[in-house]
Amino acid sequence: MASSKVGSIGEYIREQRTRAKISLRQLADVSGISNPYLSQIERGLRKPSAEILQQIAKGLRISAEALYVQAGILEEREADTDVQAAVRADLVLTERQKQVLLDIYASFLKENEAGGVVAGPAEPAVPEQTGPQQAGPERNGRDEVG
């Protein structure tokens with residue numbers, strides 16, 4: 001089964017590279033891995049170490065954890081929420097920025113859980129506006145300008 005994992009990690013890396021619209025040579029340059037070695041990984045001929053996977057993840061701007069799971073280094077964890085998945089999939093954010101956002105999100109979830117707050121589809125996090133707002137001193141502290 002290890003050999004199928006080796007192949008699947010290479011296929012996964014190739015898929016991610018294709019989605020990022022970068023060439024094998026570009027990925028080799030940004031990750032600091034030789035072009036031939038990276039090619040062998042993608043073709044399933046070589047099994048990359050955790051360090052190499054981390055370099056590849058950085059070059060692809062994806063989570064190293066995702067590569068570790070694909071390579072069988074880490075166990076797959078509980079499924080992400082839509083928010084977590086969106087943050088991890090964002091191609092613009094750096095890994096550090098993603099991690100900070102995920103940490104903040106996790107702290108909010110923990111805080112809500114401790115306080116017994118349950119927000120779901122029936123209970124929006126932000127109150128909805130139900131009608132036109134009236135301008136007046138009680139609303140915004142200013143006289144209505146007309």
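Contact here means heavy atoms within 4.5 Å.

**Ground rules.** I'm working on a predicted model, where local features need pLDDT of at least 70, side-chain atom pairs count only at pLDDT 80 or more, and totals for chains, interfaces and linings use all residues. Residues are numbered from 1 along each chain as its sequence is written, and side-chain values use heavy atoms, with hydrogens and water left out.

**Overview.** I looked up the elements and got 8 helices and 0 strands. My helices (H or I, at least four residues) and strands (E, at least two) are DSSP runs, numbered from the N terminus. I checked burial next, with buried meaning under 20% relative accessible area, exposed over 50% and partly exposed in between (1.4 Å probe, protein chains only). Buried residues come to 25% of the 146 in the protein. Of the contacts with a separation of 6 or more, 47% are between residues 24 or more positions apart.

**Arg17.** I found Arg17 in helix H1, residues 2-19. Is Arg17 buried or exposed? Arg17 counts as buried because its relative accessibility is 12%. I then looked for a side-chain partner and got Glu42, in a polar contact of 2.7 Å with Arg17. A polar contact is a pair of N or O atoms within 3.5 Å; within protein, one must be able to donate a hydrogen and the other to accept it, and residues adjacent in sequence count only if both atoms are side-chain atoms. Leaving out neighbours within four places in sequence, I listed Ile22, Ser23, Leu24, Leu27, Glu42 and Leu60 as the contacts of Arg17.

**Two positive phi values.** Lys21 is in the loop between H1 and helix H2 (24-31), and its phi is near 60°, positive in a residue other than glycine. Lys21 is exposed because its relative accessible area is 74%. I saw a positive phi of about 60° at Arg61 too, also not a glycine. Arg61 is in the loop between H4 and H5 and counts as partly exposed at 45% relative accessibility.

**H4 against H5.** How do I describe a packed pair of helices? By the angle between their axes and the distance between the axes. I take axes as lines fitted to C-alpha atoms, for helices over the stretch in contact, with angles from 0 to 180 degrees between N-to-C directions. The axes of H4 (residues 50-60) and H5 (residues 64-71) come within 8 Å and cross at roughly 135°. That is why I call H4 oblique to H5. On the H4 side, the residues making the contact are Ala50, Leu53, Gln54, Ile56 and Ala57, and on the H5 side Ala64, Leu67, Tyr68 and Ala71.

**H5 itself.** I listed its buried residues as Ala64, Leu67, Tyr68, Val69 and Ala71. At the start of H5, a side-chain oxygen of Ser63 gets to within 3.1 Å of the backbone nitrogen of Glu65. Just after H5, I noted a positive phi of about 85° at Gly72.

**Leu93.** I placed Leu93 in the loop between helix H6 (82-89) and helix H7 (95-114). Its C-alpha is 9.3 Å from that of Ile62, and the two are 31 residues apart along the chain. Beyond its neighbours within four places in sequence, Leu93 is in contact with Lys98 and Leu101.

How values were computed:
Angles under 35 degrees count as roughly parallel, over 145 as roughly antiparallel, 65 to 115 as roughly perpendicular and the rest as oblique.
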